[in-house]
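Colleague: Thanks for sitting down with me. Could you walk me through how the labels on this model were decided?

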Amino acid sequence: MKPIQTHPQLTDADFDYALSPGSDSILPSSGFADSVMTALTREASAPSPIAFPWKRALPGFVVAGAMAIVLIVAVVVLLRSTPATSVAPSVDLQAVLAPVVHHATAALWLTVSLLISVASLLFCRRLISTN
Amino acid sequence: MTTVPQAEAHPTDEAIVARVLAGDTAAFEGIVRRWQSPLVNLAWRFCRDRARAEEMAQEAFLRAWRNLAQFRGDSAFSTWLFALATNLYRTELRRIPAAMLSLDQIAEPPDPAIAGSAIEESSRDESLRRAVLALPPKYRDAILLFYFHEQDVPAAARTLHIPEGTIKARLFRGRELLRSKFSRPRAASKSASLNTQHPREARTP
């Protein structure tokens, strides 16, 4: 059976003609350069972004970090001391530890959220500095 | 009549960059006026939308101005500028594609039985340009840059920061994809005599 070939193959000349700068170009609008310079001047004259007050925030970060460490240490110590208390059969361990575990969990989440906040802040600062 | 020294009348890009870095923001206009047409046209090739092309070119100029201190003069200013603009355009296209068309959705080329007129050829050329945009990005970028730089493989390679061999391979594959789209029947034998390497690619050092 004779193959049907209705369209010829594209040749290099077809590519050259269709994609060459001469056959496929536009002229920028007459006000394009002025528009760019206006945007540039506006940006140049804009006040620089306010720097993050690291000096003021640093004590807060340090305190938060220290509290987080203390809480973690406290939880670890409490958990290690539980076998000793389990000797007394009359004490309901779960009832005693429940509030502690609850607070420890909350503290952990607080720490995680603080760390995420710091990380996102650093990321934003990096983005701003690269742009 | 006073004569203006050539260097002052047409300062080089590097001289303008030095002035801008020294605080003369207005001097950047020389860069904008000199390179506005190439940058708008490069953007036009990536999106085929005049308004968007100008927006992207404007953003490219602004980004170039912000990052001007990073231009160290290792290469020509134009190379640096085109690389920066190309990166920006590619990022923009990833964010908002130029046309939500796949290769199969591109308008079929005209039937050769009725082809031959200037209108049909123009339609075929436009279909081909749109088909280039529908290629996978790595082939699209290679073809766009190769033809934008007037078929200069080293220039396209420098702009895309990839080896010349990679550009050639992507050009080859990109053209193959376009040929398969623009030839009928699709399963027809690929001519053994089909020249898939552009003559300009072979002459590169």
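Modeller: Gladly. Helix 2 of chain A passes helix 4 of chain B in a right-handed crossing. The model is predicted: local features need pLDDT of at least 70, side-chain atom pairs count only at pLDDT 80 or more, and totals for chains, interfaces and linings use all residues. Residues are numbered from 1 along each chain as its sequence is written, while chains are lettered from A and ligands numbered from 1 in the order in which they are written.

Colleague: Why are helix 2 of chain A and helix 4 of chain B called oblique to each other?

Modeller: Helix 2 (residues 32-45) of chain A and helix 4 (residues 50-66) of chain B pack at an angle of about 45°, with their axes 10 Å apart. Angles under 35 degrees count as roughly parallel, over 145 as roughly antiparallel, 65 to 115 as roughly perpendicular and the rest as oblique. The angle of about 45° is therefore oblique.

Colleague: Which residues of helix 2 of chain A and helix 4 of chain B make the contact?

Modeller: Chain A brings F32(A), S35(A), V36(A), A39(A), L40(A) and E43(A), and chain B brings E54(B), Q58(B), F61(B), L62(B) and W65(B). Being in contact means that C-beta atoms, placed from the backbone, lie within 7 Å.

Colleague: How do you know that L81(B) is buried?

Modeller: A residue is buried if 20 or more other C-beta atoms lie within 10 Å of its own, exposed if 12 or fewer, and partly exposed in between. L81(B) has 23 such neighbours, so it counts as buried. L81(B) sits in helix 5 (residues 77-95) of chain B and touches W35(B) and A64(B), leaving aside residues up to four places away in sequence.

Colleague: And why is R130(B) called partly exposed?

Modeller: R130(B) has 17 other C-beta atoms within 10 Å, so it is partly exposed. R130(B) belongs to helix 6 (residues 118-133) of chain B.

Colleague: What makes the buried residues of helix 1 of chain A line one face?

Modeller: The buried residues of helix 1 (residues 12-19) of chain A are F15(A), A18(A) and L19(A). Down the axis of helix 1 of chain A, they fall within an arc of 80°, so they line one face.

How values were computed
Axes fitted to C-alpha atoms, helices over the stretch in contact; angles between N-to-C directions. Helix = DSSP H or I, 4+ residues; strand = E, 2+ residues; numbered from the N terminus. Left-handed = near helix turned anticlockwise from the far one by under 90°. Contact = placed C-beta atoms within 7 Å. Arc of directions from axis to C-beta.
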